[in-house]
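Colleague: I am new to this one. Could you walk me through how to read it?

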Amino acid sequence: MTTGSASAPERGEQPAPADAGGPPGHRQRLIAAMATAIEAKEYRETTVADVVRLARTSRRSFYEQFEDRDACFLALFDATNDAMMRRVAESVDVEATLDEQVDAAVAAYIASVTEHPALFRSFVRELPALGAAGGQRSAAALERFARTLIALVDAASEAQPGIVRRPLTMDTAIIIVGGLRELLVFSVQSGRDLQELRETVGATAKAILRGTVL
């Protein structure tokens with residue numbers, strides 16, 4: 001399988017971004033502790049005290065890394081989305097058929113959500129409550145996913161000349177990933193099994209790609 005250059009996190013591993021100062025891995029431990037706390041109870045019930053206890057550090061250390069609890073939550077959102085994008089990119093073999101590539105990408109995306117459902121539910125519920133900061137993070141994640149999709153289509157074009165006759169536009173990529181995200185949000189809120197969505201999502205994405213890039 002031909003994959004990207006970034007290394008994907010192990011299945012079930014809580015991802016974290018690069019350290020931003022302090023002891024090695026200190027920031028990552030705090031972010032991972034925030035994830036653990038959210039998976040045990042709702043974000044609204046999670047306190048800084050919970051996070052520092054799970055990270056085995058101090059409140060002082062927490063505030064050296066983050067302005068407040070919300071800042072740590074947003075860092076967790078960023079880390080989780082970065083890991084998801086790596087996983088999607090690395091799941092795709094650019095020398096496979098279009099159908100196989102779409103199926104692999106959809107499976108990786110849905111698996112990332114279903115493996116940490118409490119985190120995804122928390123992001124869905126809490127980001128809007130964080131105002132401009134939450135909205136900006138959500139928009140940035142959507143753009144990152146769209147650019148990942150465009151990059152995968154470009155890579156397939158290079159690996160298989162003729163498979164793509166024209167590039168995937170940002171508008172079309174946003175339609176695909178934005179629609180997928182909203183479907184997952186709706187399904188999570190209604191308690192639906194996300195694995196049931198794979199066939200529908202895959203068929204829709206293939207239809208759009210065939211009509212726009214092939």
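Modeller: Start with axes. Axes are lines fitted to C-alpha atoms, for helices over the stretch in contact, and angles run from 0 to 180 degrees between N-to-C directions. Contact means heavy atoms within 4.5 Å. Helices (H or I, at least four residues) are DSSP runs, numbered from the N terminus. This is a predicted model: local features need pLDDT of at least 70, side-chain atom pairs count only at pLDDT 80 or more, and totals for chains, interfaces and linings use all residues. Residues are numbered from 1 along each chain as its sequence is written, and side-chain values use heavy atoms, with hydrogens and water left out.

Colleague: At what angle do H4 and H5 pack, and how far apart are their axes?

Modeller: Two packed helices are described by the angle between their axes and the distance between the axes. Here H4 and H5 pack at about 150°, with axes 8 Å apart. H4 is therefore roughly antiparallel to H5 (angles over 145 degrees count as such).

Colleague: Which residues of H4 and H5 meet?

Modeller: From H4 come Met84, Met85, Arg87, Val88 and Ser91. They meet Ala104, Ala105, Ala108, Tyr109, Ala111, Ser112, Val113 and Glu115 in H5. By class, this contact has 9 nonpolar, 2 polar and 2 charged residues. Ala, Val, Leu, Ile, Met, Phe, Trp, Tyr, Cys and Pro count as nonpolar, Asp, Glu, Lys and Arg as charged, and the others, Gly among them, as polar.

Colleague: Which residues have the most contacts inside the largest nonpolar core?

Modeller: A nonpolar core is a set of buried Ala, Val, Leu, Ile, Met, Phe, Trp, Tyr and Cys residues joined through side-chain atoms within 4.5 Å. Buried means under 20% relative accessible area (1.4 Å probe, protein chains only). The largest core has 34 residues, and Tyr109 and Leu184 have the most contacts inside it. Helices giving two or more residues include H4 (69-91), H5 (98-115) and H8 (170-190). H5 gives the most, 8 residues. Beyond its neighbours within four places in sequence, Tyr109 touches Met84, Met85, Val88, Phe145, Leu180, Arg181 and Leu184.

Colleague: How many residues of H6 are buried?

Modeller: H6 is mostly covered, with 7 of its 10 residues buried. Among them are Phe120, Phe123 and Val124. The buried residues of H6 pack against H1 (26-40), H4, H5 and H8.

Colleague: Is Leu142 buried or exposed?

Modeller: Leu142 is buried, because its relative accessible area is 18%. Leu142 lies in H7. Leaving aside neighbours within four places in sequence, Leu142 is in contact with Ile174, Val177, Gly178 and Arg181.

How values were computed:
Buried < 20%, exposed > 50% of the residue type's maximum accessible area, 1.4 Å probe, protein only. Parallel < 35°, antiparallel > 145°, perpendicular 65-115°, else oblique.
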